Amino acid sequence: MEMRRIRRFVLALLLVLIPSLAAAEADDQRLILVTMDGTRWQDVFRGPDPALVADKRFTHPDVKETVERTWKTGADLMPFLHSLPARGGVLTGNRDAGQCMAVTNAMWFSYPGYNEIFTGRADPVIISNDKNPNQNITFFEWLNRRSGFKGQVLAFGNWDVFPFIINDKRSGVPVNPGFEGRHPTETRTMRAALDALREKKPRVLYVGLGDTDEFAHMGHYEHYLDAVNRDDDFIAELWRMVEADPVYRGKTTLIVTTDHGRGSAAGAAWTEHGSAESVRLDPAGFTIPDPAGFPGSEEIWLAAIGPAVRSASKGGACLGQNQIAASALTALGQDWKAFDAGAGPPLSFVTKP
Ligand SMILES: [Zn+2]
């Protein structure tokens, strides 16, 4: 008699506990967002442009053959990102395949782009990369003010404007915690991000990689390609750590994207990016200040994998950079409309896990 009562009690307890354990699991979703500054969809999907590899202005003749031999396709250049669709993830923005993704801001350069990624909408007031503290609230900041996320949002980036875009002072989201005051090289940024994932285990990790844009502005195509390849390698390492760590495995969504593209016209246009409006506002900010701007630099791409990500449908309407914030929040099981009902809606292939 007594035994039966105990059994009944244990059974009742389990019925109560199991669903709440499952709910706790769903409440513990995590996010890693990585950006690769000014990385063109053309290079991501087509691989190195033969014309730029053959052009002595952009690729040193000594390495031409090595580049041609090493990276024939986009998958050679970014093997990890190209492996995502076969693993249930998404890699989109390949205009050759009828896919489309673009920024919605009118500037086509970094601060406006990162602001759009982090807040879910273009802000016409932001027309420079100047170190102005962002007046807008990013989804990082919004999360950092919520229970369950406080102190759980960490950002790393090798561009000294990130602390202003994320407004670290107001938001309380630390940018490059652990190496304040030291020059954030990309290698240092990567190592610090990997260390943070291993040791601090934040629920939200942002990593902003900038070498791609730096080398492109210098006109060093082989170094730009090398940075693209190295970034892919780093992202693969992040994902290996996620899969090996029970804190992250099965509950982490990874999103990889870029703040803007680059000029797609032949010749030196690939070294630059910006709209006609941005050239008009600051012609001195461009090495080739073409009054027409650099068409193509509004074109971006995105990769994603994780429990929130479903396979993408082919083609369809052009995706917007302003949809990334709502997608990130949705992947975390959050109500993006509570963050900003006017933000771009989540990408169609991202749903609450
Ligand atoms: Zn740039």
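Asp-213 and His-217 sit about one helical turn apart, because they are four residues from each other in helix H12 (helices being DSSP runs of H or I with at least four residues, numbered from the N terminus). This is a predicted model, in which local features need pLDDT of at least 70 and side-chain atom pairs count only at pLDDT 80 or more, while totals for chains, interfaces and linings use all residues. Residues are numbered from 1 along each chain as its sequence is written, and side-chain values use heavy atoms, with hydrogens and water left out.

As for accessibility, Asp-213 counts as buried at 9%, whereas His-217 is partly exposed at 32% (buried is under 20% relative accessible area, exposed over 50%, partly exposed in between, with a 1.4 Å probe and protein chains only).

H12 (residues 211–218) also packs against helix H13 (residues 221–244), at an angle of about 170° and with the axes 8 Å apart. That makes H12 roughly antiparallel to H13 (angles over 145 degrees count as such). On the H12 side, the contact (heavy atoms within 4.5 Å) is made by Asp-211, Thr-212, Phe-215 and Ala-216; H13 brings His-223, Tyr-224, Ala-227, Val-228, Arg-230 and Asp-231.

Technical notes. Axes fitted to C-alpha atoms, helices over the stretch in contact; angles between N-to-C directions. Helix = DSSP H or I, 4+ residues; strand = E, 2+ residues; numbered from the N terminus. Parallel < 35°, antiparallel > 145°, perpendicular 65-115°, else oblique.
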